[in-house]
Amino acid sequence: MKGLRKYLDRVKPNFEKGGKLHAFRSVFDGMETFLFTPNTTSTSGTHIHDNFDSKRLMIIVVLALMPCLLMGMYNAGYQNALGSGVSMSIWEMMLYGFMAVLPRIVVTYVVGLGIEFVVAQWRGEEIQEGFLVTGILIPLICPIETPLWMIAIATAFSVIFVKEVFGGTGYNIFNVALVARAFLFFAYPAQMSGDKVFIPSNPILGVGGTVNYADGVSGATPLGQIATHTDGGLTLHNIVGDPLTLWDAFIGLIPGSFGETSFLAIMIGAVILLATGVASWRIMLSVFAGGLLMGWIANSFATLTYPATFLTPVEQVLYGGFAFAAVFMATDPVTAARTTPGKYIYGFLIGVIAVLIRTYNNGYPEGAMLAVLLMNAFSPLIDYCVVEANISRRRNRQRV
């Protein structure tokens, strides 16, 4: 690393003002600060000397997402092997999933970072690091069969209209990755729903050559199966018709968006975020509390009109993107509430609204995405009310 540091110091003058490559100063600065902790500090005003900058914070979030990514790779291969009826080893399943998600990650980063580089050069500013997390979140919350061109359009839309027009990293009021997912859902509903988009449709190569899926294979998610069910006594099943268990949902061996199926992998990521102090345990806890409470209320008054009401509170948390939203989306420090009481209110309402949407709207079985986006819009209001309440309480105390 010392050799790399010396090389960067040697070429750095070329990117400074007056250098022959000064037009690419933002690009160089972004690469330098990604590789090494900046050694600059503010010259006036109150400041803290700390080597834990925002790039390091974002890298920790990326590391916390690795269990979800790895489990998604395995599950993609597992669903393919299950549907085709071909025996595959663990490593073959992992390789299949890796090859399925790699192009989507590449497209997301190329488009998103490309836009941020261009905007930084145009504004003459430093390249921000927020897309380090967003770039991997978008493929994780999308179905594995999402076309690459759709991912590119959604990424460009969210980066430009949700992030850059508001001023860049730290100024966006909505979660960038979730807006990309919402854009895909509402702009291309036919390609983003149904029973074929959540399992890899490409055939795999077996011993005798190409092996295609068996007839009748369905990759509908558990929540999708419930939403389209009109009779009582529904038994959730996998893509070949075998019953699903809570253990399958806990491990992640069910159809769903690439990184959202495994509750275990998500909880491992949650431990990493909480142990490093990156995410708020108050928000996480309150999201699960709100979801469990609303799940219990819905289950207590279950009706055939809304089949999702038959889910137990635990099933509400295990199925769909609820847990992923609670751990990685609701805790986004930019778009979440920032006051301590506000975090409890913000998280609790996300949990309640997520289950409320998926339970009483048969046309939209997954409610976590909209719940987080809705509360993103209300988080400033929540903080404002909390601050005003504190001011009022202190004013009344002084009068006494």
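A crossing of two helices is left-handed if the near helix is turned anticlockwise from the far one by less than a right angle, and right-handed if clockwise. Helices (H or I, at least four residues) and strands (E, at least two) are DSSP runs, numbered from the N terminus. The model is predicted: local features need pLDDT of at least 70, side-chain atom pairs count only at pLDDT 80 or more, and totals for chains, interfaces and linings use all residues. Residues are numbered from 1 along each chain as its sequence is written, and side-chain values use heavy atoms, with hydrogens and water left out.

View 1. Buried residues (under 20% relative accessible area, 1.4 Å probe, protein chains only) make up 50% of the 400 residues. The protein exposes about 19500 Å², by the Shrake-Rupley method with a 1.4 Å probe. Carbon and sulfur atoms supply 66% of that area. Contact means heavy atoms within 4.5 Å. Among contacts between residues at least 6 apart in sequence, 69% join residues at least 24 apart.

**View 2. Helix α7 packs on helix α15.** α7 spans residues 176-187 and α15 spans residues 368-399. Their axes are 10 Å apart, at an angle of about 125 degrees. Axes are lines fitted to C-alpha atoms, for helices over the stretch in contact, and angles run from 0 to 180 degrees between N-to-C directions. The angle makes α7 oblique to α15. Angles under 35 degrees count as roughly parallel, over 145 as roughly antiparallel, 65 to 115 as roughly perpendicular and the rest as oblique. α7 passes α15 in a left-handed crossing. From α7, the contact uses L178, V179, R181, A182 and F186; from α15, it uses M369, L370, V372 and L373. By class, this contact has 8 nonpolar, no polar and 1 charged residues. Ala, Val, Leu, Ile, Met, Phe, Trp, Tyr, Cys and Pro count as nonpolar, Asp, Glu, Lys and Arg as charged, and the others, Gly among them, as polar.

**View 3. Helix α6 meets helix α7.** The two axes come within 8 Å and cross at roughly 130 degrees. That makes α6 oblique to α7. α6 passes α7 in a right-handed crossing. On the α6 side are M150, I151, I153, A154, F157, S158, V159, V162 and K163. They meet V176, V179, A180, F183 and L184 of α7. The contact has 12 nonpolar, 1 polar and 1 charged residues.

**View 4. K163 is a buried residue of helix α6.** The helix covers residues 148-163. K163 counts as buried because its relative accessibility is 3%. Neighbours within four places in sequence aside, K163 is in contact with E116, G130, F131, S158, G168, T169, N172 and V176.

**View 5. L113 lies in helix α4, and L132 in helix α5.** α4 covers residues 90-123, and α5 covers residues 131-140. L113 is partly exposed, with a relative accessible area of 25%; partly exposed runs between under 20% (buried) and over 50% (exposed). L132 counts as buried, at 19% relative accessibility. C-alpha to C-alpha, L132 and L113 are 8.6 Å apart, and 19 residues apart in sequence. The C-alpha atoms of L113 and F131 are separated by 6.9 Å. Beyond its neighbours within four places in sequence, L113 is in contact with T108 and F131.
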